[in-house]
Amino acid sequence: MSGSPKPVKKVPIHLQSAQNRVYIKNGQVVNHDRTFKADVYIEDGIIKFVGPASDITVPGGVRTIDASGKLILPGGIDPHTHFQLKFGGQVSVDDFYKGTRAAVAGGTTTIIDFVLPNKGESLLDAYDTWRSWADGKVCCDYAFHVGLTWWSKSVSNEMKTLCEEHGINSFKMFMAYKGLYQLNDTEMLEALERIKELNGVAMVHAENGDIIARNVNKLLKAGVTGPEGHELSRQEEVEAEAVNRACVLAHQSKVPLYVSKATSKLSAEVIGRAKRSGYCVFGETLASSIGKCMNGVKKSQQLYYITSPPIREPAETPRQLMKSLAYDDLQTTGSDNCTFNCSQKESGLNDFSKIPNGVNGVEDRMSIVWEKGVHAGLLDPCRFVAITSTNAAKIFNLYPQKGRIAAGSDADVLIWDPNQTRKISKETHHHACDFNIFEGMVCHGVPEMVLVRGRVCVENGQVRVAEGFGRFLETPVNPPFVYDALNGKTNGEEEEVAVNGNMKKLNINEQLEI
Ligand code: URP
Ligand code: ZN
Ligand code: ZN
């Protein structure tokens with residue numbers, strides 16, 4: 001048979017207009033579970049082919065990109081943003097256009113923002129308001145979590161409508177912000193049970209709001225009015241206590257829990273321990289917490305870094321959080337992007353409790369995680385993909401439409417240069433804000449090209465997004481990744497326990513049925 005060509009499987013390609021078709025050759029594809037050399041062919045915003053060049057016949061007129069020496073990654077998914085959020089009497093300056101433009105510039109092609117109703121406001125009305133702010137402005141695809149910022153029978157009823165008719169599967173409860181968003185434990189238990197009935201995902205902002213409120217009063221009375229009062233009022237154990245309580249409340253309610261923004265080593269340990277005990281819990285940390293610590297930040301600058309839970313003081317915290325991501329104690333990275341201009345932050349100059357909370361991160365998250373994770377030798381590229389994209393897609397039920405380079409997935413694709421560096425600066429960032437908490441940081445790992453559903457939005461250092469190009473993504477309830485874990489199909493452990501005098505093997509998650 002020598003000399004005769006090997007039969008190859010040809011993929012039929014329909015001839016369509018050239019700008020809809022992109023062929024990326026000679027790259028190294030990285031998914032969360034494996035990495036391999038392959039070419040990628042995209043048509044009409046969808047990945048049509050991933051495999052060896054010999055298996056595809058590419059029509060003429062297709063845009064061809066040579067990715068030799070580069071990695072081909074799924075676009076980043078930031079599961080935690082707040083664009084144009086009204087908070088503390090101020091509105092965050094990155095709106096859905098500027099915010100998603102900054103996201104795309106940094107290699108994030110999907111964001112999940114939060115609908116946060118006012119106290120007493122209908123969740124459905126708030127959802128409509130947020131949709132009206134986002135649709136028509138977003139440059140990449142997006143979804144919503146909905147905040148349970150107050151609790152009542154009508155809230156409970158509307159949750160069902162949101163799940164069944166509006167593509168919502170995740171609800172966030174605040175254990176902090178007393179008098180604003182905070183729920184008490186009884187309300188949380190009722191909300192958790194409702195989320196379970198709906199097969200949704202429970203999320204928490206975990207800090208003990210009662211302790212914080214008391215500490216804020218004490219500190220202000222004692223004359224501590226500067227930004228140092230922020231962290232003093234909400235130290236690591238105040239966060240870790242709430243994380244632990246949330247894990248227990250969720251476990252009692254048999255509902256999957258997603259802990260938003262663990263910013264301390266202690267909280268990451270609590271989440272890891274809960275996971276190893278069979279609790280169905282997922283943990284997120286933030287670009288701000290792995291890229292920065294407060295050690296060394298001048299007192300006069302501290303107010304610009306205020307966010308909750310705080311960016312922590314210890315110099316070792318960023319590396320410890322990165323290790324938690326590497327060991328799967330934590331699963332995702334978000335940004336909690338909620339940006340304010342310096343003048344807005346300065347409204348709290350004489351009272352730290354009035355500083356609007358929030359910092360940037362949606363643009364720099366991918367490069368920071370690469371720098372502190374892969375470049376620092378703590379993560380391999382597959383784990384990078386898992387914690388910046390795939391895990392969020394799985395938890396919120398967007399996978400494999402998002403979070404994977406595979407035939408059939410959306411063509412949210414990065415051509416990633418691991419060797420290129422970039423210096424972060426407010427002079428060059430794409431945010432609306434006039435401050436960048438990572439100012440001057442040099443990161444390896446640059447998204448040389450960013451494709452959003454097949455549309456080339458970043459190339460040659462230029463960002464060319466299309467306002468309104470993004471689509472709202474429905475997140476269906478019952479995400480298999482989450483509910484398989486909850487039902488013990490993936491991480492539940494069996495134990496021998498006595499049931500009515502007889503020993504029985506039970507999954508750890510089922511024991512409370514006894
Ligand atoms: O501190 C922050 N990030 N403010 C936004 C609201 C929240 O807590 O998520
Ligand atoms: Zn929060
Ligand atoms: Zn947030």
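Mentor: One definition before we start: Ala, Val, Leu, Ile, Met, Phe, Trp, Tyr, Cys and Pro count as nonpolar, Asp, Glu, Lys and Arg as charged, and the others, Gly among them, as polar. Keep in mind, too, that this is a predicted model.

Trainee: How do the residues of the shell around ligand 1 divide into nonpolar, polar and charged?
Mentor: Start with the list: ligand 1 is surrounded by His82, Phe87, His205, Thr307, Ser308, Asp336, Cys338, Asn357 and Gly358. With Gly among the polar residues, the shell comes out as two nonpolar, six polar and one charged.

Trainee: Which residue has a positive phi although it is not a glycine?
Mentor: Look in the loop between β6 (76–81) and β7 (86–87). Phi there is about 40°, and the residue is Gln84.

Trainee: Is α7 roughly parallel or roughly antiparallel to α8?
Mentor: The axes of α7 (residues 236–252) and α8 (residues 265–276) come within 8 Å and cross at roughly 20°. Angles under 35 degrees count as roughly parallel. Therefore α7 is, relative to α8, roughly parallel.

Trainee: What classes of residue make the contact of α7 with α8?
Mentor: Glu236, Glu237, Glu239, Ala240, Val243, Asn244 and Cys247 in α7 meet Leu266, Ser267, Val270, Ile271 and Ala274 in α8. By class, that gives seven nonpolar, two polar and three charged residues.

Trainee: How does α12 lie relative to α13: oblique or roughly parallel?
Mentor: Helix α12 (residues 365–375) and helix α13 (residues 381–395) have axes 11 Å apart and pack at an angle of about 140°. Angles over 145 degrees would count as roughly antiparallel. So α12 is, relative to α13, oblique.

Trainee: How many charged residues are in the contact of α12 with α13?
Mentor: From α12 come Met366, Val369, Trp370, Gly373 and Val374, and from α13 Pro381, Phe384, Ile387 and Thr388. Seven of the residues are nonpolar and two are polar, and the number of charged residues is: no charged residues.

Notes. Residues are numbered from 1 along each chain as its sequence is written. Chains are lettered from A and ligands numbered from 1 in the order in which they are written. This is a predicted model: local features need pLDDT of at least 70, side-chain atom pairs count only at pLDDT 80 or more; totals for chains, interfaces and linings use all residues. Axes are lines fitted to C-alpha atoms, for helices over the stretch in contact, and angles run from 0 to 180 degrees between N-to-C directions. Helices (H or I, at least four residues) and strands (E, at least two) are DSSP runs, numbered from the N terminus. Angles under 35 degrees count as roughly parallel, over 145 as roughly antiparallel, 65 to 115 as roughly perpendicular and the rest as oblique. Two residues are in contact if their C-beta atoms, placed from the backbone, lie within 7 Å. A residue is near a molecule or strand if its C-beta atom, placed from the backbone, lies within 6 Å of it.
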